[in-house]
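Load the model and keep the sequence alongside it.

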Amino acid sequence: MVRFTKLAFSLFSFQQDGGNYLSIRKRTRNYYPAAVTTTIVKSSSTIINELLENGRRVSLETKNVIRGVYLKEDVREGDMILSVPLEFCLCDDSPPKWFPEPKQQEENDDELSYIKVQDWVTRLTAGLVDLRLQLTNESNKVSPLQKAWLDLLPTDLNQILPIHWDDPSILTSTNCRPLELAVDSAYFAREHIIETLRAARPDIPRLELETCLDLVQTRACRIEQRNEDNETMPLRVLGPMFDMINHDRNPNAEFIRGDNNTLVVRALRTIPKKSQVLISYGVSSTQPAWRCLFSYGFVPEITDIYEDDAAELVVDGMRFEINPTEIPFELIQLEAQRDNVQDNVEDEVLTPTIGNRIVQNLREAAEDLRQKNEEETKTIAHQLAANLRESNRRTLLACAGGLEEYIQDNLG
């Protein structure tokens, strides 16, 4: 990789930085996992606030069609914003009695297999299936809090999750091969989970199993706990109110396990009244932007460009991953061959001629994405694909600008 010393535009900011139910091999929530959820049922949100005794500080609100948790008063750094007792949550260490522990899947040596099953997701999905089944059967085991929470959950995530897009041309139109590979691989991983659950409960419709799996994918969180040997162990949780908090790469709050078996959201800095509470869903499932779309069904808001953003550049049929501050050595080699430079030279130098051609390729690719985004978006899925293209377009332009400045400052 060739790394630039700086980018062209000072408005770009960089920062380095949970978990997703599927593990992206390289190795598991930016904005709005429930961006297209149902409108808040006021009675249900009121019940949640009252039962959790959090109504004094926070409220569930919908602003610009986005549902989130908002502050009703100022909070200071370190203040507890929200507390949810684990007894009202679903945890992956307590699956229903009918659930058989699945056998570990054999490792897939296929280098194109991006996805492997995480056992906890099957257990947590089984727990959600069981809770919804109890609600349907009007079981008194379901608390008023859990009933209100289930009422607020989205019922259909097919439009926002690429794994469910019926029209394959939408996925192809993203111009993002890693996303396509992840979706292809995830299909088989999900099928393993569904079949495990169907074997245990053949009476439950497949659609219900898939809906619960989608909810676990987009709403579960990870906390740390210690076992009997004082070893740190992960615990995956679905919890009321907690799963309504949206994501940002610059969060103003964090979640931890509190005393007395509670989930706690704590302020990372002073947050004024009426602000939205935002946490980080984690790096590996949200960065680059295609992972966020794949995992949660949204593309991060495009405001700043970050070093770990990435986009694809196709040159002569070859695909290269580009980020705002680096270009692959192989891309330099490819361009060098046009000048009859030996391709076996290990210390290939980036020359102004080679660099400027790469800049041109980057700008042309960005222009192609811009033109695609001028087409009318017909569905939510089309809009999400357009959002990803715009994110990638900005990344390509950032790389072009940074490389151009690098050439002027160091190679001119």
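Start at Thr211. Leaving aside neighbours within four places in sequence, Thr211 is in contact with Arg132 and Thr155, where contact means heavy atoms within 4.5 Å. Thr211 sits in helix H6. Helices (H or I, at least four residues) and strands (E, at least two) are DSSP runs, numbered from the N terminus. Thr211 is buried, with a relative accessible area of 15%. Buried means under 20% relative accessible area, exposed means over 50%, and partly exposed lies in between (1.4 Å probe, protein chains only).

A word on the source. This is a predicted model, in which local features need pLDDT of at least 70 and side-chain atom pairs count only at pLDDT 80 or more, while totals for chains, interfaces and linings use all residues. Residues are numbered from 1 along each chain as its sequence is written, and side-chain values use heavy atoms, with hydrogens and water left out.

A salt bridge here is a side-chain nitrogen of Lys or Arg within 4 Å of a carboxyl oxygen of Asp or Glu. The whole structure holds 21 of them. What does Arg132 pair with? Its partner is Glu208, with the closest N and O atoms 2.7 Å apart. Glu208 belongs to helix H6 (residues 206-219) and Arg132 to helix H2 (residues 119-136), so this pair ties together parts 76 residues apart in sequence. Glu208 is partly exposed, at 21% relative accessibility.

Helix H6 also reaches helix H5. Arg206 forms a salt bridge with Glu195, the closest N and O atoms being 3.6 Å apart. Arg206 lies in H6 and Glu195 in H5, so the pair ties together parts that are 11 residues apart in sequence. Arg206 is partly exposed at 28% relative accessibility. Glu195 is partly exposed too, at 38%. A network of salt bridges links Glu191, Glu195, Arg206 and Glu210.

Now follow H5 itself. Helix H5 covers residues 177-200, and its 24 residues should span 34 Å at 1.5 Å a residue; the end C-alpha atoms are 36 Å apart, which agrees. The expected span is 1.5 Å times one less than the number of residues. H5 bends by about 25 degrees at Ala186. That bend is the angle between axes fitted to the seven residues ending there and the seven starting there.

One more salt bridge deserves a look. The side chains of Arg57 and Asp79 meet at 3.8 Å, N to O. This pair links distant parts of the chain, 22 residues apart: Arg57 is in the loop between helix H1 (42-52) and strand E3 (58-63), and Asp79 is in the loop between strand E4 (66-71) and strand E5 (80-85).

Turn to the nonpolar interior. A nonpolar core is a set of buried Ala, Val, Leu, Ile, Met, Phe, Trp, Tyr and Cys residues joined through side-chain atoms within 4.5 Å. The largest core has 77 residues, and Ile81, Leu179 and Val237 touch the most other members. Beyond four places in sequence, Val237 touches residues including Leu86, Leu90, Leu124, Ile223 and Leu263. A second, separate core of 24 residues includes Ala311, Leu331, Val359 and Ala400.

Leu128 is in helix H2. Leu128 counts as buried, at 0% relative accessibility. Beyond four places in sequence, Leu128 touches Leu90, Leu150, Cys212, Leu215, Val216 and Leu238. Leu128 and Leu150 are 22 residues apart in sequence and 9.5 Å apart in space, C-alpha to C-alpha.

Move on to helix H10 (residues 380-411), where Asn392 is found. Asn392 is buried, with a relative accessible area of 5%. Beyond four places in sequence, Asn392 contacts Thr174, Cys176, Ala310, Ala311 and Leu369.

Strand E14 (residues 311-315) and strand E15 (residues 318-322) pair in the antiparallel sense over five bridges; pairing requires at least two bridges found by DSSP. Val315 stands opposite Met318 in E15. Two residues lie between the strands, and Asp316 in the turn has a positive phi of about 50 degrees.
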